Amino acid sequence: QEYTAIKLQVTEWAESAQQVLASVSELAGKNVYLVAATLRPETMYGQTNCFVGTEIKYGLYQVNDKDVFFITERAARNMAYQKIFSNFGEIKKLAEIKGDLVIGTKVKAPLSTYPEVYVLPMENVLATKGTGVVTSVPSDSPDDFATLQDLQKKAAYYKIQPEWAAFEPIPIINTPSYGNLTAPFLCKLKKINSQKDRVPLAEAKELAYKEGFYQGTIVIGEYKGLSVQEAKPKIRDVLIQSGEGFVYNEPEGLVMSRSG
Ligand code: ZZB
């Protein structure tokens, strides 16, 4: 599986993360990025937040003299063999931290209409897929929309500040069948009430992928008016050229789908 990895730069750690990371001297002066793996770089304008798994163990890995990535160890090992780190085949872990401690961290998401967004919890993040970090696009991903709604409805239960989830989906892609907010449309159609509704969510995701890819037109940004098929590689290249993204390959046979 070939993903586009998206670098979300940390601008302010949550207090709980600061407590753990303050003592790690090697982090001083470095740029730290939560790195998310996506199949849909053309939707990055619509990022409203970033998701981690609260029980997942993440590491902070040195990339080079300046940069550090927040990802799972499994992803770091894969990246080490893809010339992403300065020493081929080697990983250097500067710190380890569980997902729940970074909830509420502020990050800058490339191309997003929102200048800064927050790190929030998602129940269905797989530690065994991508980087274990998911960037959230509730306009076009039913899982993201359902989860963001859960967080907005039950902030206290999810132990977040309501304002961290107070971001509206942004129209990115228009489709003939579902309009310009595909995920909210499909969640309503399939009566999806929460991120726990796994079966209808898997169906909605399938429909969203197909309709977006084959029928979608971009309605925002530099490639507004182009079909998704035309715009996708162009937007991916923009992210790669700017250094905000890079190609990340997942070895065959180890890829697990969230939808099963
Ligand atoms: C942004 C995005 C925007 C995504 C969208 C999807 C959609 P898939 O679909 O199962 O083959 N993802 C990445 N890593 C993880 C993980 N560790 N755990 C759970 N979910 C993960 O997997 C690819 C998508 O699953 C990725 O693309 C990411 O969400 C998520 F508008 O990134 B995507 C209709 C889907 N739309």
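Which element supplies the largest share of the shell around the ligand? Helix 5 does, with three residues. The legends below describe close-up views of a predicted model.

View 1. The ligand is surrounded by 22 residues. Thr38, Gly130, Asp140, Ser141 and Ala208 are the closest of them. Three elements each give at least two residues to this shell: strand 2 (31-38), strand 9 (133-136) and helix 5 (198-215). Sorted by class, the shell consists of nine polar, eight nonpolar and five charged residues.

**View 2. The largest nonpolar core and Val35.** This core holds 73 residues. Leu34, Val35, Cys50, Phe70 and Leu120 have the most contacts inside it. Strand 2 provides the largest share of the core, six residues. When residues up to four places away in sequence are not counted, Val35 touches Ala5, Ile6 and Lys7, together with Phe69, Phe70 and Ile71, and also Thr131 and Val133.

**View 3. Packing of helix 3 against helix 4.** Helix 3 spans residues 142-153 and helix 4 spans residues 182-189. Their axes lie 8 Å apart, and the packing angle is about 75°. Because angles of 65 to 115 degrees count as roughly perpendicular, helix 3 is described as roughly perpendicular to helix 4. On the helix 3 side, the contact is made by Pro142, Asp144, Phe145 and Ala146. Helix 4 contributes Ala183, Pro184, Leu186 and Cys187. Seven residues of this contact are nonpolar, one is charged and none is polar.

**View 4. Packing of helix 3 against helix 5.** The axes of these two helices come within 8 Å and cross at roughly 130°. Helix 3 and helix 5 are therefore oblique to each other. Pro142, Asp143 and Ala146 in helix 3 meet Leu201, Ala204, Lys205 and Ala208 in helix 5. Five nonpolar and two charged residues make up the contact, with no polar residue. Pro142 and Ala146 also take part in the contact with helix 4. Ala208, on the helix 5 side, is one of the residues closest to the ligand.

View 5. Apart from neighbours within four places in sequence, Asn174 is in contact with Gly179 and Asn180, and with Gly216, Thr217 and Val219. The C-alpha atoms of Asn174 and Ile218 are 6.5 Å apart, while the two residues are separated by 44 positions in sequence.

**View 6. Two lysines with positive phi, Lys159 and Lys191.** Most residues other than glycine have a negative phi. Lys159 is not a glycine, yet its phi is positive, at about 55°. The residue sits in the loop between helix 3 and strand 10. Lys159 counts as exposed because it has 12 C-beta neighbours inside 10 Å. Lys191, likewise not a glycine, has a positive phi of about 50°. Its place is in the loop between helix 4 and helix 5. Lys191 has 8 C-beta neighbours inside 10 Å and so counts as exposed.

Methods
Residues numbered from 1 in each chain as written. Predicted model: local features only at pLDDT ≥ 70, side-chain atom pairs only at ≥ 80, totals over all residues. Axes fitted to C-alpha atoms, helices over the stretch in contact; angles between N-to-C directions. Helix = DSSP H or I, 4+ residues; strand = E, 2+ residues; numbered from the N terminus. Parallel < 35°, antiparallel > 145°, perpendicular 65-115°, else oblique. Contact = placed C-beta atoms within 7 Å. Nonpolar A, V, L, I, M, F, W, Y, C, P; charged D, E, K, R; others polar. Near = placed C-beta within 6 Å. Core = buried A, V, L, I, M, F, W, Y, C linked by C-beta atoms within 7 Å. Buried ≥ 20, exposed ≤ 12 C-beta atoms within 10 Å, placed from the backbone.
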